[in-house]
Amino acid sequence: MKYTSLPSITIAGIMIVMTLISSNLQWGKENWKGVLESDAKGYYAYLPAVFIYQDLNFNFFDKIEKEKYYNERLFFEYRAHVNDTTVDKFYCGTAITQLPFFLMAHTLSGVTSYDQDGYSKFYMIFICLAALFYLFTGLFFLNKLLILYQVSPAARSLTLLTTVFATNVFYYTVVEAGMSHIYSFGCVTMFLYFVKSYFQKKQNHQIFISAILFGIIILLRPVNGLIILTLPFLAGSIKSLQDGMLHLFSKPKILVFSSILTLLILSIQPVLYKIAVGSFFVYSYEYEKFNFTDPHFIDILFSYKKGLFLYTPVLLLSLTGGIYLFKRSRFEFYSLFLFLIILTYVLSSWWNWWYGGSFSSRVFMEFIPLFALLLGITLSSLTKGILKSAYITMIFICVVMCQIQTYQYRYYQIHWENMTKEKYWEVFLRIDKLA
């Protein structure tokens with residue numbers, strides 16, 4: 001078939017470009033010392049805590065952060081106080097996904113002149129490599145997911161390019177590689193693919209893999225567990241959903257074993273808490289919580305402060321895929337958009353609905369594969385002509401906007417938290433200010 005290899009070539013090209021950018025920004029000089037910032041320090045800290053210091057109260061943090069690698073601009077306290085001691089505020093899922101890369105860095109540091117302290121240069125470089133790996137994983141399985149939805153090769157290639165360069169996937173891969181989002185992006189995309197494949201083929205291994213991924217996805221960010229609500233959409237129809245559930249429950253051994261797999265993975269966090277503070281269940285976020293009676297639904301999507309569609313407009317453009325999805329299957333349309341509404345409601349109900357410092361609304365990044373799917377469906381459905389040319393032109397504009405705004409964000413022209421209408425338009429696409 002014509003162009004069948006184009007998506008694979010596109011993924012290879014993306015990875016070469018992203019690796020070069022990551023190495024240029026983060027690996028050289030003293031830049032590696034800024035790989036772990038803010039929340040990323042807490043996500044990663046489990047690895048040195050377990051494998052180097054055997055200290056799940058993270059007392060080593062004072063020596064490492066405050067004495068050895070101190071940077072006043074990057075200082076961040078990730079520990080919470082529980083039962084008269086300290087515990088990591090964040091969950092261990094990101095550390096689990098980074099584990100193979102941590103072990104490679106630890107080994108390499110041992111045979112070179114770098115300290116095996118968990119924070120020297122090789123550890124930071126391998127965090128960058130981990131982010132690149134999960135980007136590749138996400139793109140690889142996004143391509144396979146698009147195939148299941150019969151998206152053409154050319155449309156898949158453009159969708160893959162857009163997913164990286166027109167969204168904050170780019171930023172959270174090459175700039176803030178230690179944050180959880182690119183790891184969630186990879187795991188969520190795999191989950192979507194294997195669940196969709198299960199509803200089509202009903203193979204046992206797809207159940208097991210999905211169960212493992214679901215456990216990891218929750219450990220990455222518990223709210224990511226909402227991805228389970230995509231099952232009706234992935235099934236494609238009521239009949240397919242019923243058949244899939246009946247097939248699953250007709251094999252109790254498979255159901256029990258897959259449930260055990262998920263629970264075993266989820267049990268890692270309570271065990272860590274038990275070792276650290278003597279209790280299996282800890283709410284480490286202290287005063288932070290959801291306020292479901294006061295969601296900021298419009299703000300999280302459109303505000304100048306952190307609006308998803310304002311800073312990553314290609315995601316709004318991708319919603320046109322709903323038109324073609326509606327024509328093909330009303331069940332798929334309603335189940336997907338109901339999920340997106342529920343997702344937005346929950347995410348916008350967090351007390352800090354803008355989620356602190358971030359480029360665009362970072363908590364949607366793990367669900368970008370769904371927007372990418374809609375974009376791919378649109379591109380594959382549009383026939384050649386003015387409409388398709390206009391749509392591709394709009395995508396190109398979104399790519400340019402995202403890249404300019406990402407650069408502006410890196411250099412604080414777009415403030416990490418306190419953007420206003422006046423400030424936004426003052427710097428809007430002001431290329432002249434980038435110099």
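## Packing of α6 and α9

Helices α6 and α9 are roughly parallel to each other, because angles under 35 degrees count as such. In this predicted model, α6 and α9 (residues 181-201) pack at an angle of about 25°, with their axes 8 Å apart; axes here are lines fitted to C-alpha atoms over the stretch in contact, and angles run from 0 to 180 degrees between N-to-C directions. The helices are DSSP runs of H or I with at least four residues, and strands are runs of E with at least two, both numbered from the N terminus.

The crossing of α6 past α9 is left-handed, a term that applies if the near helix is turned anticlockwise from the far one by less than a right angle. By class, the contact of α6 with α9 holds 18 nonpolar, six polar and two charged residues, where Ala, Val, Leu, Ile, Met, Phe, Trp, Tyr, Cys and Pro count as nonpolar, Asp, Glu, Lys and Arg as charged, and the others, Gly among them, as polar.

## Basis of the model

Residues are numbered from 1 along each chain as its sequence is written, and side-chain values use heavy atoms, with hydrogens and water left out. As this is a predicted model, local features need pLDDT of at least 70 and side-chain atom pairs count only at pLDDT 80 or more, while totals for chains, interfaces and linings use all residues.

## Cavities

A search of the whole structure gives three cavities of 30 Å³ or more, a cavity being a set of points on a 1 Å grid over the protein atoms alone where a 1.4 Å probe fits but cannot get out, with lining residues having an atom within 4 Å of a point. The largest cavity has a volume of about 50 Å³, volume being the space filled by probe spheres set on the points. Its lining includes T162, V314, F371 and L375, and α20 contributes the most, with four residues.

Strands β1 (residues 79-82) and β2 (residues 85-88) pair in the antiparallel sense over four bridges, pairing requiring at least two DSSP bridges between two strands. The bridge partner of A80 in β2 is V87. Two residues lie between the strands of this hairpin, and N83 in the turn has a positive phi of about 50°.

Notes: 1 Å grid on protein atoms, 1.4 Å probe; cavity = no way out; pocket = protein on both sides within 12 Å on 5 of 7 lines; lining within 4 Å. Parallel < 35°, antiparallel > 145°, perpendicular 65-115°, else oblique.
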